[in-house]
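Dear colleague,

Please find below the structure that I am handing over to you. My findings follow directly after it, and I would be grateful if you would read them with the coordinates open.

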Amino acid sequence: MRHPTRKRRQVLVQKLLGRLPHRQQELIGAARVLGNRRRVSVYLVGGPVRDLILRRASADLDLTVVGDGIAYAKALAAEPGTRATIHPRFGTAALILRDGLRLDVATARRERYVHPAALPQVFPGTIRDDLFRRDFTINAMAVRVAPKGEELLDLFGGLTDLKRGFLRVLHDESYRDDPTRIFRGSRYAARYRLRFSPRDRRLIRNVLAEKVLQRLSRERLFREVKRVFDEATPEAALRILQDRGVLKALDPALVVDQGAFAQMRSVRRAWQRYNRRGISSTPPLWRVYLLVLLRSVPARVRRRVGEHLGLKGPPLDALMTELRDFAFLQEQLEEGSLRASRLRYLLDRASADLRILLWASGARRVRHSVERYLTRLASVRPALTGQDLKKFGFPPGPTYRRILDRLLEGRMEGRLKSREDEVAFLRRHFGRPR
Ligand code: CTP
């Protein structure tokens with residue numbers, strides 16, 4: 001007879017898998033059949049298991065195979081229309097199915113960190129090794145898909161931590177081995193409303209004091225910063241990073257105040273409006289958040305803070321230029337009562353990032369000006385074109401630009417309302433058409 005708790009665990013797992021969308025269930029079914037046929041153990045692992053327990057949708061499925069994961073992935077990819085990218089060095093493969101569904105397949109592995117913050121060496125391992133190398137208990141659970149008899153593997157207490165709301169690493173060296181986990185943890189804490197366990201807080205404090213963040217390459221550091229900004233509410237994760245002393249450890253001047261957090265919310269609202277209206281191309285939101293963050297520190301240390309966030313070279317220069325442009329535009333727009341043509345001129349030349357930031361910057365007058373530009377001015381065009389000017393006998397040259405600008409100005413100021421008005425205007429001021 002089966003042990004009752006085991007039976008109960010199986011029921012739990014069936015319930016969990018039953019929460020997957022139909023198509024993902026089908027895929028798990030195919031993965032099981034293939035696992036049985038090839039006689040390898042296959043597990044659904046990490047993020048998708050956590051998300052199933054939390055009843056959240058997970059875009060991608062992650063499978064771990066104990067054995068030759070690549071051969072398994074190749075067989076799974078045999079279905080027509082599937083694209084597979086294989087990384088032999090890591091024993092992993094990324095599959096994109098015909099209908100866009102994504103599936104990552106990995107060989108179960110063990111990791112060894114030779115230096116703190118270095119990339120790990122990897123070796124084949126058991127499922128336990130593979131779970132133990134992971135960041136948090138909540139990410140270290142697995143569901144066995146094959147062989148049959150599904151089971152939830154929760155070796156480190158992830159389920160309890162999820163219920164009690166704790167983020168906990170699996171061992172004391174975890175943050176030192178991989179300091180990006182501090183950022184990852186802050187994102188999870190914000191996204192799932194968890195908090196670092198008291199032990200984790202202490203571990204984080206210790207590694208920050210050892211300046212372990214400074215050992216990360218700029219690229220790795222900035223990738224984490226960007227992932228924070230890619231969260232649905234990055235200000236929540238940033239607040240946690242600030243509370244845990246991470247921002248200060250990156251740069252002592254990096255202090256984000258309530259105003260900046262509020263501005264991030266406002267940026268999001270502006271971006272959504274912008275996006276809905278489809279008035280102009282919407283820039284990536286993370287970049288606008290980054291501008292808010294940099295604006296919240298004194299101008300003289302901004303470049304240094306940018307560097308300490310992992311930026312450099314042309315991308316950093318571009319942000320600095322935008323911040324200077326922002327100060328100028330804000331000043332101009334705050335004066336109010338700008339002529340329509342002047343407003344159009346200024347905002348046509350501002351980047352989409354800056355228009356959003358101006359809208360979100362708080363001052364009512366500035367916001368109204370941006371609204372006026374977006375809803376009324378940005379799309380105004382004269383009815384006449386360069387072709388028409390040519391037909392009217394204007395000699396081609398730089399005057400075309402000047403004439404078209406005058407027409408645009410007249411349109412925006414409401415003096416010109418129709419093509420006939422424009423033709424009359426040309427005749428009056430430029431002597432053509434005769
Ligand atoms: N992982 C880890 N340490 C890292 C990066 C990843 O332990 N520095 C493990 C975690 O177990 C994680 C899994 O690899 O669950 C997959 O990583 P990733 O796709 O980045 O995370 P998800 O959990 O899918 O989270 P997200 O929803 O943010 O993508």
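The shell around the ligand contains no nonpolar residues; by class, 4 of its residues are polar and 5 are charged. Please note that this is a predicted model. The residues that surround the ligand are Gly46, Gly47, Arg134, Asp135, Asn139, Asp178, Thr180, Arg181 and Arg184. Helix 8, which covers residues 180-192, gives the most to this shell, with 3 residues. At the level of domains, both domain 1 (6-163) and domain 2 (165-250) supply at least three residues each to the shell around the ligand.

The domain division itself is as follows: the protein chain is split into domain 1 (6-163), domain 2 (165-250), domain 3 (252-379) and domain 4 (386-430). Between the C-alpha centres of domain 3 and domain 4 there is a distance of 33 Å.

I turn next to the nonpolar interior. In soluble globular proteins, nonpolar side chains tend to be buried together. Here, the largest nonpolar core comprises 99 residues, and Leu44, Val105 and Val267 have the most contacts inside it. Helix 14 (residues 285-295) gives the most to this core, contributing 8 residues. The buried residues of helix 14 are Leu285, Val288, Tyr289, Leu290, Leu291, Val292, Leu293 and Leu294. Which residues does Val267 touch, not counting residues up to four places away in sequence? They are Val288, Tyr289, Val292, Ile356, Leu357 and Ala360.

Most residues other than glycine have a negative phi, and most peptide bonds are trans. One joins Ala146 and Pro147, with omega at about -5°; Pro147 is located in the loop between strand 8 (142-146) and strand 9 (152-153). The other runs from Arg432 to Pro433, where omega is near -10°, and Pro433 belongs to the segment after helix 22 (419-430).

Positive phi values also occur in residues other than glycine. Arg39 has a phi of about 55° and sits in the loop between helix 2 (22-38) and strand 1 (41-45). Ala117 has a phi near 65° and is placed in the loop between strand 6 (109-112) and strand 7 (121-124). Are these two residues buried or exposed? Arg39 counts as exposed because it has 9 C-beta neighbours inside 10 Å. Ala117 has 20 C-beta neighbours inside 10 Å and therefore counts as buried.

Finally, I draw your attention to Leu159, which is part of helix 6 (residues 158-164). Because 17 other C-beta atoms lie within 10 Å, Leu159 is partly exposed. Apart from its neighbours within four places in sequence, Leu159 is in contact with Ile53, Met141 and Asp154. Leu159 and Ala71 are 88 residues apart along the chain, and their C-alpha atoms are separated by 32 Å.

With kind regards

Note on methods:
Residues are numbered from 1 along each chain as its sequence is written. This is a predicted model: local features need pLDDT of at least 70, side-chain atom pairs count only at pLDDT 80 or more; totals for chains, interfaces and linings use all residues. A nonpolar core is a set of buried Ala, Val, Leu, Ile, Met, Phe, Trp, Tyr and Cys residues joined through C-beta atoms within 7 Å. A residue is buried if 20 or more other C-beta atoms lie within 10 Å of its own, exposed if 12 or fewer, and partly exposed in between; C-beta atoms are placed from the backbone. Helices (H or I, at least four residues) and strands (E, at least two) are DSSP runs, numbered from the N terminus. Two residues are in contact if their C-beta atoms, placed from the backbone, lie within 7 Å. Domain bounds come from an automatic or database domain assignment. A residue is near a molecule or strand if its C-beta atom, placed from the backbone, lies within 6 Å of it. Ala, Val, Leu, Ile, Met, Phe, Trp, Tyr, Cys and Pro count as nonpolar, Asp, Glu, Lys and Arg as charged, and the others, Gly among them, as polar.
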